[in-house]
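Here's a quick briefing to read alongside the coordinates.

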Amino acid sequence: MRTKLGIGALVAFAAACATTPKEPPAPPTEKAEVYRIEIRDQDFTEFTALAHIQLPPGVSPTKAHWELLSGTPLTPLASGESPMTADQVPADGVIQVGGRAAYSADAEGREEVMSQEGSMPIVLRGYVEADGIHYEFTRAGRVRTPRVPSIQVARVEAGAIPSERRLGLVFFLRVENPNAFDVPLENVEFDLQIGGVDIDKGIAGTKRIIPRGGAVEIDLPISLDERNFPEVERYLRGNSELPYQMKGQVRLGVGRIPYELSGPIQVRSSGH
């Protein structure tokens with residue numbers, strides 16, 4: 001006697017006979033203590049975050065995996081994996097795991113980060129594999145966001161020189177870096193008006209480094225005489241005041257910052 005099987009029965013029978021490959025069992029996990037997150041090598045677009053992790057005595061790590069996240073909800077910024085060996089573990093068992101990430105994946109996001117003028121929250125998490133065990137870690141921290149350097153006229157030295165029928169001016173431009181990292185300065189473009197008259201435009205300064213939390217000063221000498229400032233005669237007696245307007249761009253190694261400055265110039269007599 002022949003038994004007839006329906007299509008559904010055949011499918012069920014085939015499924016029962018098929019062998020499903022089994023996934024390897026998940027490795028055992030333990031929690032690893034994270035002392036702190038260290039932020040280093042910052043610039044205007046990226047930073048490095050490292051978790052200082054305490055491993056148990058005598059373990060032999062083979063690799064480390066990390067993931068860096070930020071935002072609400074948490075969004076991955078970067079991740080990585082690297083091999084490790086026992087000789088990379090110092091005597092105290094504290095290793096550093098992490099890597100480099102951008103503040104944001106696009107230019108619009110980076111501008112938003114810089115406009116915060118504060119800090120952004122981050123989470124660094126992952127595991128270190130040692131002796132078949134995953135030592136998992138996670139730690140929250142904050143990264144101080146990059147800030148735009150500022151420019152100002154620190155002072156203007158002005159002297160009337162009647163014997164030469166001219167005014168001698170020196171503008172001292174101060175560019176300040178509020179960041180925790182050095183910033184490369186290329187130069188400063190300027191367009192100067194004095195008393196409503198176009199006086200000069202050009203480039204001042206040379207390549208230099210603005211130190212972290214520091215500033216550099218750029219000298220801009222200007223001479224006013226009848227050729228570029230017809231009313232110079234009115235100011236040769238000294239003890240007078242001239243208004244100035246200056247605009248342009250601070251040219252950095254990573255971009256340009258527009259500026260507009262104005263103020264008074266106190267003129268004093270420098271002799272006859």
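Asp41 is exposed, with a relative accessible area of 53%. In this predicted model, Asp41 sits in the loop that runs between β2 (33–40) and β3 (46–54). Its backbone is worth a look too: phi of Asp41 is near 55°, which is a positive value in a residue other than glycine.

**Other loop spots to check**

- Asp131 has a positive phi as well, near 55°, and again the residue is something other than glycine.
- You'll find Asp131 in the loop linking β7 (119–130) to β8 (133–144).
- Asp131 comes out at 52% relative accessible area, and because the cut-off for exposed is over 50%, Asp131 counts as exposed.
- Thr72 and Pro73 are joined by a cis peptide bond, with omega at about 0°.
- Pro73 belongs to the loop between β4 (61–70) and β5 (75–83).

**Overall build**

- The protein chain has two helices and 16 strands.
- Its radius of gyration is 33 Å, whereas the globule rule gives 19 Å for 272 residues, so the chain is more spread out than a compact globule.
- Along the principal axes, the C-alpha atoms fill a box of roughly 130 × 55 × 25 Å.
- Of the 272 residues in the protein chain, 37% are buried.
- Take the contacts with a separation of 6 or more: 65% of them are between residues 24 or more positions apart.

**Surface and charge**

**Nonpolar cores**

- The largest nonpolar core has 40 residues.
- The residues with the most contacts inside this core are Leu167, Phe171, Leu192, Ile194, Leu224, Leu242 and Ile265.
- Strands that each supply at least two residues of this core are β9 (150–161), β10 (166–176), β11 (183–194), β12 (197–204), β14 (215–224), β15 (240–252) and β16 (255–269).
- β11 gives the most to this core, at six residues.
- Leaving aside neighbours within four places in sequence, Leu224 is in contact with Arg165, Arg166, Leu167, Leu169, Ile194, Ile199, Phe229, Val232 and Leu242.
- There's also a second, separate core of 28 residues, and among its members are Leu55, Ala64, Val97 and Leu124.

**Strand residues, one at a time**

- Val188 is part of strand β11.
- With a relative accessibility of 0%, Val188 counts as buried, because buried means under 20% relative accessible area.
- Once neighbours within four places in sequence are left aside, the contacts of Val188 are Ile151, Leu173, Val175, Gly202, Ile203, Ala204, Ile218, Gln249 and Tyr259.
- One of those partners, Leu173, is 15 residues away from Val188 along the chain, with 9.0 Å between their C-alpha atoms.
- Val267 is in strand β16 and counts as buried, at 3% relative accessibility.
- From Val267 to Glu112 it is 155 residues in sequence and 43 Å in space, C-alpha to C-alpha.
- Glu260 is also found in strand β16, but this residue is exposed, with a relative accessible area of 68%.
- With neighbours within four places in sequence set aside, Glu260 is in contact with Met246 and Lys247.
- Glu260 and Ile151 are 109 residues apart along the chain, and their C-alpha atoms are separated by 9.1 Å.
- Leu77 is located in strand β5.
- At 26% relative accessibility, Leu77 counts as partly exposed.
- Not counting residues up to four places away in sequence, Leu77 touches Phe47, Leu68, Leu69, Ser70, Ala101, Ala102, Tyr103 and Met120.
- Between the C-alpha atoms of Leu77 and Gly253 there are 24 Å, with the two residues 176 apart along the chain.

Key
Residues numbered from 1 in each chain as written. Predicted model: local features only at pLDDT ≥ 70, side-chain atom pairs only at ≥ 80, totals over all residues. Heavy atoms only, no water. Helix = DSSP H or I, 4+ residues; strand = E, 2+ residues; numbered from the N terminus. Rg over C-alpha atoms; globule rule 2.2 N^0.38 Å. Buried < 20%, exposed > 50% of the residue type's maximum accessible area, 1.4 Å probe, protein only. Contact = heavy atoms within 4.5 Å. Core = buried A, V, L, I, M, F, W, Y, C linked by side-chain atoms within 4.5 Å.
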